[in-house]
Amino acid sequence: MGDTLTQKMPSEQQQQDFYQKLREKVDNWLKSRSGMVSKVGSYILVAPDLFHLLMKMMLDDRIDAKSKTMIGSGILYFIAPIDFIPEFLTGPAGFMDDVVVAVFIVNAILNKFSVDIVKEHWAGDEDLLEVIRRLTHSGSDLAAKVPAGRLAKRFIKL
């Protein structure tokens, strides 16, 4: 584990390539599905954008250590092989709970830091605040159904 933490970060181009490939993979997967998956597709499609945002905020010196602990927890939740809806069993649909956790974290960061600092790291196609508003508003019922949403509401003080 210690060796992993001291390894050099991938180059900006490698990070961007990974982000683009992940977005394309999720988009293609969504286009091949119907029913419930297509209904929650807007949640799943922003998963790569939110993961990218968390990673970039983690590297921002303007964000304090306490907030980075919360951000790091969100990143770990994304990459954990086992969570409430594991990706290895459900494919990209497993990102639903990851998105719920990430939205709670981004909301907390937006309440503490300048919107400009957070927006600086946003790579999504839509406006960040609109995405967060839409996911928070329309996702409250979904968040209540996803175990990670209930946990995030309980443990992350907004």
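At what angle do α5 and α6 pack, and how far apart are their axes? In this predicted model, the angle between α5 and α6 is about 140 degrees, and their axes are 9 Å apart. Angles over 145 degrees count as roughly antiparallel, and the angle here makes α5 oblique to α6. The crossing in which α5 passes α6 is left-handed.

Let me go through the residues involved. On the side of α5, the contact is formed by Ala47, Leu50, Phe51, Leu54, Met55, Met57 and Met58. On the side of α6, the partners are Lys68, Ile71, Gly72, Gly74, Ile75, Phe78 and Ile79. Sorted by class, the contact of α5 with α6 comprises eleven nonpolar residues, two polar ones and one charged one.

Before I turn to the other pairs, some remarks on the chain as a whole. The chain contains twelve helices and zero strands. Of its 158 residues, 47% count as buried.

The mean pLDDT of the chain is 76, and 66% of the residues reach 70 or more. Where in the chain is confidence lowest, and where is it highest? It is lowest in helix α12, residues 147–155, at a mean of 49, and highest in helix α9, residues 115–119, at 95. Over residues 154–158 the pLDDT is below 50, and this stretch has eight contacts in the model beyond near neighbours in sequence.

I now come to the second pair, α6 with α8. Here the helices pack at an angle of about 165 degrees, with a distance of 9 Å between the axes. With the threshold at 145 degrees, α6 and α8 are therefore roughly antiparallel to each other. Their crossing is left-handed. From α6, the residues that take part are Ser67, Met70, Ile71, Gly74, Tyr77 and Phe78. From α8, they are Phe95, Asp97, Asp98, Val101, Ala102, Ile105, Ala108, Ile109 and Lys112. The classes in the contact of α6 with α8 are ten nonpolar, two polar and three charged residues.

The axes of α5, residues 47–58, and α8, residues 95–112, come within 10 Å and cross at roughly 45 degrees. That angle makes α5 oblique to α8. As α5 passes α8, the crossing is left-handed. From α5 the contact involves Ala47, Leu50, Leu53, Leu54 and Met57, while α8 supplies Phe95, Val99, Ala102, Val103, Ile105, Val106 and Ile109.

Asp60 lies in the loop between α5 and α6. Is Asp60 buried or exposed? Asp60 has a relative accessible area of 6%; buried means under 20%, so Asp60 is buried. Leaving aside residues up to four places away in sequence, Asp60 touches Lys68, Ile117 and His121. Of these partners, Lys68 is also among the α6 residues that meet α5.

The angle is about 140 degrees for α5 and α6, about 165 degrees for α6 and α8, and roughly 45 degrees for α5 and α8.

Note on methods
Residues are numbered from 1 along each chain as its sequence is written. This is a predicted model: local features need pLDDT of at least 70, side-chain atom pairs count only at pLDDT 80 or more; totals for chains, interfaces and linings use all residues. Side-chain values use heavy atoms; hydrogens and water are left out. Axes are lines fitted to C-alpha atoms, for helices over the stretch in contact, and angles run from 0 to 180 degrees between N-to-C directions. Helices (H or I, at least four residues) and strands (E, at least two) are DSSP runs, numbered from the N terminus. Angles under 35 degrees count as roughly parallel, over 145 as roughly antiparallel, 65 to 115 as roughly perpendicular and the rest as oblique. A crossing is left-handed if the near helix is turned anticlockwise from the far one by less than a right angle, and right-handed if clockwise. Contact means heavy atoms within 4.5 Å. Buried means under 20% relative accessible area, exposed over 50%, partly exposed in between (1.4 Å probe, protein chains only). pLDDT is the predictor's confidence in each residue, from 0 to 100. Ala, Val, Leu, Ile, Met, Phe, Trp, Tyr, Cys and Pro count as nonpolar, Asp, Glu, Lys and Arg as charged, and the others, Gly among them, as polar.
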